[in-house]
Amino acid sequence: MKTIGILTSGGDAPGMNAAIRAIARTAFANGLRVKGIRNGFDGLIKGDIYEMNISSVADIVHKGGTILGSARSLEFKTKEGQDKAMEIIKNFDIDGIVVLGGDGSFQGANVLHERGIKTIGIPCTIDNDMGYTDWTIGFDTAVETCKEAISKLRDTSSSHGRGNVVEVMGRNCGDIALYAGVAGGAESILVPEVPVDMEQVISRVQRGKARGKLHHIVVVAEGIGNPQNIAKEIQDKTGVETKLTILGHVQRGGSPALRDAIMASEMGVKAVELLMEGKSSLAIGIKGGKIFSMYIPDAIKIKSEFNTELYTIASILAN
Ligand code: ADP
Ligand code: F6P
């Protein structure tokens with residue numbers, strides 16, 4: 001292992017930069033060369049690659065986004081795209097690649113492994129939807145952003161005696177909604193993992209209103225249904241004016257929260273160690289606070305488990 005490449009792929013996640021820094025610094029400390037591949041697999045196919053040095057990763061540990069840029073590349077899913085990528089990897093003398101991204105990006109990493117390039121995956125997605133690891137890099141920061149937004153909405157909702165439906169991201173995973181909802185004291189949390197019970201949502205608002213509560217917050221994971229309709233139904237059936245707030249991409253930005261920055265640093269170091277040991281197609285994860293790695297094809301088969309205990313706690317606390 002003489003030269004490693006780094007690429008960030010799929011939706012960006014706060015902590016990607018901290019991981020890039022950890023990978024590069026560990027590689028330099030071990031006498032390796034590092035090539036930054038811009039815009040994920042798209043940049044790999046195009047040869048959009050540059051030589052990194054110690055200064056390339058200065059002053060980025062605290063920054064959201066990714067200095068390498070990220071993209072979703074349909075071309076890389078085709079044989080032609082993969083052939084082009086292999087040609088580029090050969091031309092740039094890259095021996096191993098660390099891929100930062102979610103499930104899809106890990107599949108891309110495994111494709112390269114099957115074609116003889118050593119690859120390691122670091123789980124980066126705000127969704128926390130990768131079942132083999134307790135946490136993905138970016139999740140904590142996104143939840144903090146949502147929690148802060150909910151508490152601000154609560155301030156103004158209380159002043160006006162209003163309700164708020166807050167839509168958060170998470171694709172098919174309700175983790176952001178669940179953790180932000182509990183931390184933000186939401187009355188109801190609607191997630192894809194649990195059938196939506198609008199009667200319960202409405203009865204909670206009505207009970208709150210009866211005992212003089214000034215506001216209500218309903219956190220809704222994206223994809224649960226039209227959040228505008230949910231807000232309207234609550235308003236029509238309870239008489240409480242209910243606004244809709246869609247947090248959107250604000251959740252993807254910001255300086256990484258503590259756990260994201262620490263995990264990114266630990267996983268970045270581990271990725272280089274594994275490459276230097278000659279390992280390949282390994283997904284790095286964290287279980288019970290310990291960093292570990294497992295074969296990517298096995299890792300991506302493990303479905304993300306919803307925290308039903310926390311969901312029950314949310315219901316108890318909302319009453
Ligand atoms: P994430 O990594 O966050 O799950 P995507 O599912 O959008 O994001 O995947 C990111 C990129 O990974 C895709 O645009 C594509 O370039 C690559 N990728 C995804 N699935 C595959 C696959 N089955 N084979 C090869 N590359 C893939
Ligand atoms: O996977 C991360 C994520 O932010 C999801 O929560 C969301 O559904 C999706 O990406 C949004 O993708 P885009 O940035 O392409 O709009």
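Reader: Where does ligand 1 sit?
Author: Ligand 1 sits in the largest pocket. On a 1 Å grid over the protein atoms alone, a pocket is an open set of points where a 1.4 Å probe fits, with protein on both sides within 12 Å along at least five of seven lines. A molecule sits in a pocket if more than half of its atoms lie within 2 Å of its grid points.

Reader: What kind of model is this, and how are residues numbered?
Author: This is a predicted model, in which local features need pLDDT of at least 70 and side-chain atom pairs count only at pLDDT 80 or more, while totals for chains, interfaces and linings use all residues. Residues are numbered from 1 along each chain as its sequence is written, chains are lettered from A and ligands numbered from 1 in the order in which they are written, and side-chain values use heavy atoms, with hydrogens and water left out.

Reader: How many residues surround ligand 1?
Author: There are 15, and the closest are Ser 73, Gly 102, Gly 104, Ser 105 and Gln 107. A residue counts as near if one of its heavy atoms lies within 4 Å of the molecule.

Reader: Which helix gives the most to that shell?
Author: Helix α4, residues 103–114, gives the most, with 6 residues. Helices are DSSP runs (H or I, at least four residues), and strands are runs of E of at least two, numbered from the N terminus.

Reader: What are the polar contacts of ligand 1?
Author: A polar contact here is a pair of N or O atoms within 3.5 Å. A polar side-chain atom of Ser 105 is 2.5 Å from an oxygen atom of ligand 1. A polar backbone atom of Gly 104 lies 3.0 Å from an oxygen atom of the ligand, and a side-chain N or O atom of Gln 107 is 2.9 Å from a nitrogen atom of ligand 1.

Reader: And ligand 2, where does that sit?
Author: Ligand 2 also sits in the largest pocket. Among the residues around ligand 2 are Arg 72, Asp 127, His 249 and Arg 252. A polar side-chain atom of Glu 222 lies 2.5 Å from an oxygen atom of ligand 2, and Gly 170 has a polar backbone atom 3.1 Å from an oxygen atom of the ligand.

Conventions. A polar contact is a pair of N or O atoms within 3.5 Å; within protein, one must be able to donate a hydrogen and the other to accept it, and residues adjacent in sequence count only if both atoms are side-chain atoms. On a 1 Å grid over the protein atoms alone, a cavity is a set of points where a 1.4 Å probe fits but cannot get out, and a pocket is an open set with protein on both sides within 12 Å along at least five of seven lines; lining residues have an atom within 4 Å of a point.
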